[in-house]
Amino acid sequence: MSPRHTLHIVSGKGGTGKTTVAGALGCALATSGRRVLVCEVEGRQGISELFDVPPLTGAEERRISRTPAGGAVYGLAIDAEDALMEYLDTFYHLSLAGKALDRFGAVDFATSIAPGLRDVLLTGKVYEAVRRKIKNRPNAYDAVVLDAPPTGRIAQFLNVHAAVAGLAKVGPIRNQADSIMRLLRSATTTVHVVTLLEDMPVTETEEAVAALRPTQIRIGTVIENMVTPTPLSQDQLQAAATGSVILKVPGLTMKQNQALAKEFGIEAGRTLQEQQRHDRLTALAVPLVQISLDHGGIDEGAIFAIAEQLTDQMNLEAA
Amino acid sequence: MTDSGQRKALPELPQARLAVPFLDIDKIIGDRDTKIIICCGSGGVGKTTTSAAIALRAAEAGRKVVVLTIDPARRLAQSLGVGELDNTPRPVPVIDSAAGGSLDAMMLDMKGTFDDVVIAHSTPEKAEAILQNQFYVALSSEFSGTQEYMAMEKLGQLHSEAEAHGTWDLIVVDTPPARSALDFLDAPEHLSSLLDGRFLRLLMPPARGPLRLMSAGFSMMSAVITKILGAQIINDVKTFVRAFEALFGGFRQRATATFQLLSSRHSTFLVVATPQHDALREAAYFVDRLTEEAMPISGMVINRVHTSALALSPERALAVAEDLADTSAVVEVEALRRHANLMRLIATESRQIERFASARPTVAQTQVQSLPTDVTDLAALRRVGYLLADKD
């Protein structure tokens, strides 16, 4: 039996659709009666945009979607400064001191320039959401999905230990980092890397997987996004790509048939390249998931459709 | 049916013509007063490729160009076909230099640049102390904002070198992905407010003058900070600040000078996007922000715009495909389905572009159509440069 994952971390190169996949994964996990939190950490308001709801501000955790399966998806935009204030308040009952610090520019200082502290605060808030208990439920949320920083930064972002190593060898921040690291390395946390079947995203996926391995954080799946499936064989694609196919669509003129053949030749060439990149990803020995391209743009229906594809392929935990 | 496809190697379907001004790349690179071109935009929109293509086109038009990427991934290196890029501009050898131009490429080495600044502007002992400091090590290699500060430094250095020796007459700058790219603009102010700011001053004993009055409040705060971060970090920061103090002024001064250079008529910003909702939303943010700061913005480059030379509606293509479904014409069926998908994609994209243009009608635009393969060599870069400059 595969372990129950309660924290799903979604990364990917910019432009690969990682926020869309994170949102869809949230929906996929929100089966009947379940509550799932989707959080973002880059201040882009990507989640509220995706679900077409008003911006998520402050520490607000608002329901952004009810899934067809009867679950609920909540959204949270984590802000480092809010997280620091909350941290001060929770651990030291220092909300006033926090405000004083803010006045002196210390919060700006601490979250902007103390390297790694921002990441510790952001992951710290995720940690809090995963571990939070409420009355009559073992956890406030059944699963948490993190729309994480892009592949180029993901290993550094999650390697909280390394982030604080130069910062604090002892003390509360160090202890906090230790707890976060334990959660990230546990069997209930998994990282998904979203990629397109294009050269650079695949290269960055390979690099991210290599960079994550030493952190002992589990890599769940590599998600190939916007894939165009084809019923044609390699030979048929090859023939089309090299221009040796003559199309005879009834009702089209010869010129139109030629234009179609030329256009399809490019598409077939692309599909062949995609297959080569798929082979490169196979070599990573991480389970692969494919999401087909939606040409109509992304709306709630498209998110649910992607969620369904994820459910079919990902062996998500049962409710 | 359109015949416009006959003239060009890569034909286009006439698109909904927008009444937006055309962004004329050749005019920009042909203007000798343009000395700096900055490409910004969100991640994955082809910024690096665009920068490299503009640099190459300018070089082959006779400009002496250096292209600076501050993106940590080695993408430019891949696009330019040069193995490794480091902090030193390296000549790109196989360009067409008939017009008297040249092209150098480099990738920003963040830590290397920071180290160089420290070494160049302090005594050997002080430099040693700074370079060894834990806080400095973390700041110079891990803090993401450092990239923007160092990019400003490097841009300033390249500009001075260009002015002094005539090595280059055009600098093309690629920026880090996402919004942090515009931290570029905030760098001088941010740098002074953080490194030279009140908080760091408060950390530095002894407090003299009016600051002394705050010391009671401060010792409470200092205790809180120590409690959170641990005493060691505070000590590291103090040591760092003490050793670094002499460098502050120079840093701020140079960053301010570069900022002024960026706002001058010698610089111009290009916002790069793709015709997707997210990328255009980010582009809108960049355009608005640059306009707010009164930065010289030339316009938008929209990459990866899909086109088709076959004026066959998706509905009709699918209907014909359905008619053929049970025949042996499997390739035809697939070709028609793909065409239908492509047409739907084209419709979605032009809707997005139109929405953007109607909200910001004065922003000039050039579109680059989606290419069949990745841009990994100079020939492909040249092709992108041609498409960038081409009005249709």
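Arg153(A) is partly exposed, with a relative accessible area of 25%, where partly exposed covers values between buried (under 20% relative accessible area) and exposed (over 50%), computed with a 1.4 Å probe on protein chains only. Arg153(A) belongs to helix H7 (residues 151-158) of chain A; helices (H or I, at least four residues) and strands (E, at least two) are DSSP runs, numbered from the N terminus. The C-alpha atoms of Arg153(A) and Ala208(A) are separated by 8.4 Å, although the two are 55 residues apart along the chain.

The model is predicted, and local features need pLDDT of at least 70, side-chain atom pairs count only at pLDDT 80 or more, while totals for chains, interfaces and linings use all residues. Residues are numbered from 1 along each chain as its sequence is written, chains are lettered from A and ligands numbered from 1 in the order in which they are written, and side-chain values use heavy atoms, with hydrogens and water left out.

Turning to the chains as a whole, chain A has 13 helices and eight strands, and chain B has 15 helices and eight strands. Of the 319 residues in chain A, 56% are buried; for the 392 residues of chain B, the figure is 55%. Contact here means heavy atoms within 4.5 Å. In chain A, 73% of the contacts with a separation of 6 or more involve residues 24 or more positions apart. In chain B, 79% of the contacts between residues at least 6 apart in sequence join residues at least 24 apart.

Next comes the interior. A nonpolar core is a set of buried Ala, Val, Leu, Ile, Met, Phe, Trp, Tyr and Cys residues joined through side-chain atoms within 4.5 Å. The largest nonpolar core has 53 residues, and those with the most contacts inside it include Leu7(A), Ile9(A), Val126(A) and Leu158(A). Helix H6 (residues 117-131) of chain A supplies the largest share of this core, eight residues. A second, separate core of 46 residues includes Cys40(B), Leu155(B), Ile171(B) and Val271(B). In soluble globular proteins, nonpolar side chains tend to be buried together. Within chain A, Leu158(A) is in contact with Ile9(A), Met181(A), Leu184(A), Val191(A), Leu212(A) and Ile217(A), leaving aside its neighbours within four places in sequence.

Helix H9 (residues 172-185) of chain A, with 14 residues, should span 20 Å, and its end C-alpha atoms are 20 Å apart, which agrees. Among the buried residues of H9(A) are Ile173(A), Arg174(A), Met181(A) and Leu184(A). Buried residues of H13(A) include Ile303(A), Phe304(A), Gln309(A) and Leu310(A). The buried residues of H13(A) pack against elements including helix H1 (18-29), strand S6 (189-195) and strand S8 (288-292) of chain A. Asn315(A), which follows H13(A), has a positive phi, near 55 degrees.

Between the chains, the axes of helix H12 (residues 254-282) of chain A and helix H14 (residues 330-359) of chain B come within 10 Å and cross at roughly 85 degrees. Axes are lines fitted to C-alpha atoms, for helices over the stretch in contact, and angles run from 0 to 180 degrees between N-to-C directions. H12(A) and H14(B) are therefore roughly perpendicular to each other, a term that covers angles of 65 to 115 degrees. Residues making the contact include Leu260(A), Phe264(A) and Thr271(A) of H12(A), and Val331(B), Arg338(B) and Leu342(B) of H14(B). The residues of this contact divide into six nonpolar, two polar and four charged; Ala, Val, Leu, Ile, Met, Phe, Trp, Tyr, Cys and Pro count as nonpolar, Asp, Glu, Lys and Arg as charged, and the others, Gly among them, as polar.

Thr228(A) lies in the loop between S7 and helix H11 (234-241) of chain A and is buried, at a relative accessible area of 17%. Thr228(A) touches Glu274(A), Leu293(A) and Arg338(B), not counting residues up to four places away in sequence. Asn257(A), in helix H12 of chain A, counts as buried at 8% relative accessibility.

Notes
Expected span 1.5 Å × (residues − 1). Parallel < 35°, antiparallel > 145°, perpendicular 65-115°, else oblique.
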